[in-house]
Protein chains: 2
Amino acid sequence: MAHRDDSVETIQQEMTAFARRARATAARMHPELSLVSYTLLAHLDDQNGCRATDLAAHYFLDKSTVSRQIAALEKLGFVERRVDPDDHRVQVLHPTQKGAQVLANVTASRRQAFHERLADWDEADLDRFASYLLRYNAAQERLG
Amino acid sequence: MAHRDDSVETIQQEMTAFARRARATAARMHPELSLVSYTLLAHLDDQNGCRATDLAAHYFLDKSTVSRQIAALEKLGFVERRVDPDDHRVQVLHPTQKGAQVLANVTASRRQAFHERLADWDEADLDRFASYLLRYNAAQERLG
DNA sequence: ATCGAGAGTTGTATTAGCCAACCATCGATA
DNA sequence: TATCGATGGTTGGCTAATACAACTCTCGAT
């Protein structure tokens with residue numbers, strides 16, 4: 001069990017180290033779009049629009065948090081709200097033209113940065129790393 | 001390059017997904033010690049004491065942030081300051097008895113949670129995952 | 001027609017972080 | 001040896017992200 005403990009300890013340490021820095025790094029690289037905004041906007045783009053409630057559920061955020069984030073994105077002209085004609089309670093959120101553009105830029109530059117960081121990894125390692133992360137996060141989601 | 005792009009995209013997504021949740025999870029699990037406090041305290045314990053400046057450098061935090069975090073930990077009775085007799089500018093920080101105790105508890109419970117998440121992983125996978133994370137973070141440190 | 005549930009917003013508070021201005025001390029050097 | 005730049009640390013002021021609670025509006029079922 002000793003070796004197993006060591007690995008777990010390392011994973012724990014490194015994941016949290018990563019967590020501490022991710023936000024700051026994102027902010028430095030993309031002052032126009034914070035990590036959260038970016039994620040939300042990307043989700044909207046990916047889903048071809050969705051409700052604020054869906055975002056909150058998907059990212060485990062409070063609905064008030066999402067509401068304010070969306071308000072900010074709207075003020076920047078990056079998302080627009082379309083009231084659902086069948087249910088006037090819901091607003092379906094979509095990236096605007098401008099929002100899609102900014103998203104594309106940030107995505108490209110983030111991908112670039114990640115590529116640099118991962119440049120000397122061979123494909124098999126990348127693939128395994130990606131699958132480990134998926135597996136890990138799925139477990140986290142399952143167990144809280 | 002297509003497959004490589006996919007892996008990179010996944011790594012990016014999952015790392016950031018993790019980052020978004022880590023703090024909240026930590027806060028929920030250990031209200032008595034935030035993620036940052038925990039990390040700083042753990043470092044002090046690990047290093048058998050160090051300076052605030054060292055903490056800031058190691059974790060890429062502003063010295064003011066560290067100063068306030070340490071002040072909070074001191075108020076809670078978890079760390080103590082010992083002025084370096086050879087240089088009255090520096091305060092060497094140490095966990096107190098109480099701080100070491102709390103740290104041990106939180107560490108145990110965190111480790112427990114991680115073990116649950118990773119229970120069905122075999123040892124080789126754990127080991128590889130840990131080394132990937134180390135490698136990734138080292139690259140991030142190198143490249144900013 | 002009413003009432004409970006769901007979608008969103010707003011008020012309030014907390015936490016973590018940054019930057020800049022500051023104070024005290026140290027060590028080198030003019 | 002008096003001074004000055006560098007170092008360690010604190011404080012003031014600000015922002016971003018978040019949570020929780022209270023609220024409004026709308027819907028659907030009774």
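Trainee: In which hand does H2(B) pass H3(B)?

Mentor: In this predicted model, the crossing of H2(B) with H3(B) is right-handed. Helix H2 of chain B spans residues 35-47, and helix H3 of chain B spans residues 52-59. The axes of these two helices lie 11 Å apart and pack at an angle of about 120°.

Trainee: Which residues of H2(B) and H3(B) meet?

Mentor: A helix contact is read by listing the residues that each partner contributes. From H2(B) come B:Thr39, B:Leu40, B:His43 and B:Leu44, and they meet B:Leu55, B:His58 and B:Tyr59 of H3(B). Sorted by class, the residues of this contact are four nonpolar, three polar and no charged.

Trainee: How may I read the packing of helix H2 and helix H3 in chain A?

Mentor: One begins with the distance and the angle. Helix H2 (residues 35-47) of chain A and helix H3 (residues 52-59) of chain A have axes that come within 11 Å and cross at roughly 120°. The crossing of H2(A) and H3(A) is right-handed.

Trainee: Which residues make the contact of H2(A) with H3(A)?

Mentor: On the side of H2(A) they are A:Thr39, A:Leu40, A:His43 and A:Leu44, which meet A:Leu55, A:His58 and A:Tyr59 in H3(A). This contact divides into four nonpolar, three polar and no charged residues.

Trainee: At what angle do H3(A) and helix H4 of chain A pack?

Mentor: H3(A) and helix H4 (residues 63-75) of chain A pack at about 120°, and their axes are 9 Å apart. H3(A) is therefore oblique to H4(A). The hand of this crossing is right-handed. H3(A) contributes A:Ala52, A:Leu55 and A:Ala56, while H4(A) contributes A:Lys63, A:Val66 and A:Ile70. By class, the contact of H3(A) with H4(A) holds five nonpolar, no polar and one charged residues.

Trainee: What pattern does chain A follow along the sequence?

Mentor: Such a pattern gives the order of helices and strands. For chain A the order is α-α-α-α-β-β-α-α, which comprises six helices and two strands. Along the principal axes, the C-alpha atoms of chain A fill a box of roughly 60 × 35 × 25 Å.

Trainee: What is the place of B:Val83, and which residues does B:Val83 touch?

Mentor: To place a single residue, one considers its element and then its neighbours. B:Val83 belongs to strand S1 (residues 79-83) of chain B. Leaving aside residues up to four places away in sequence, B:Val83 touches B:His88, B:Val90 and B:Gln91. The C-alpha atoms of B:Val83 and B:Leu93 are 8.6 Å apart in space, and the two residues are ten residues apart in sequence.

Trainee: How many residues does the contact take from chain B and from chain A?

Mentor: An interface may be described by its residues, its buried area and its specific pairs. Chain B gives 57 residues and chain A gives 57 residues. Between them the two chains bury about 6,500 Å², of which 58% is on carbon and sulfur atoms.

Trainee: How many salt bridges are counted between chain B and chain A?

Mentor: The count is two salt bridges. In a salt bridge between side chains, A:Asp125 meets B:Arg135 at 3.5 Å, N to O.

Terms used
Residues numbered from 1 in each chain as written. Chains lettered and ligands numbered in written order. Predicted model: local features only at pLDDT ≥ 70, side-chain atom pairs only at ≥ 80, totals over all residues. Heavy atoms only, no water. Axes fitted to C-alpha atoms, helices over the stretch in contact; angles between N-to-C directions. Helix = DSSP H or I, 4+ residues; strand = E, 2+ residues; numbered from the N terminus. Left-handed = near helix turned anticlockwise from the far one by under 90°. Contact = heavy atoms within 4.5 Å. Nonpolar A, V, L, I, M, F, W, Y, C, P; charged D, E, K, R; others polar. Buried area = accessible area lost by both parts, 1.4 Å probe. Salt bridge = Lys/Arg side-chain N within 4 Å of Asp/Glu carboxyl O. Parallel < 35°, antiparallel > 145°, perpendicular 65-115°, else oblique.
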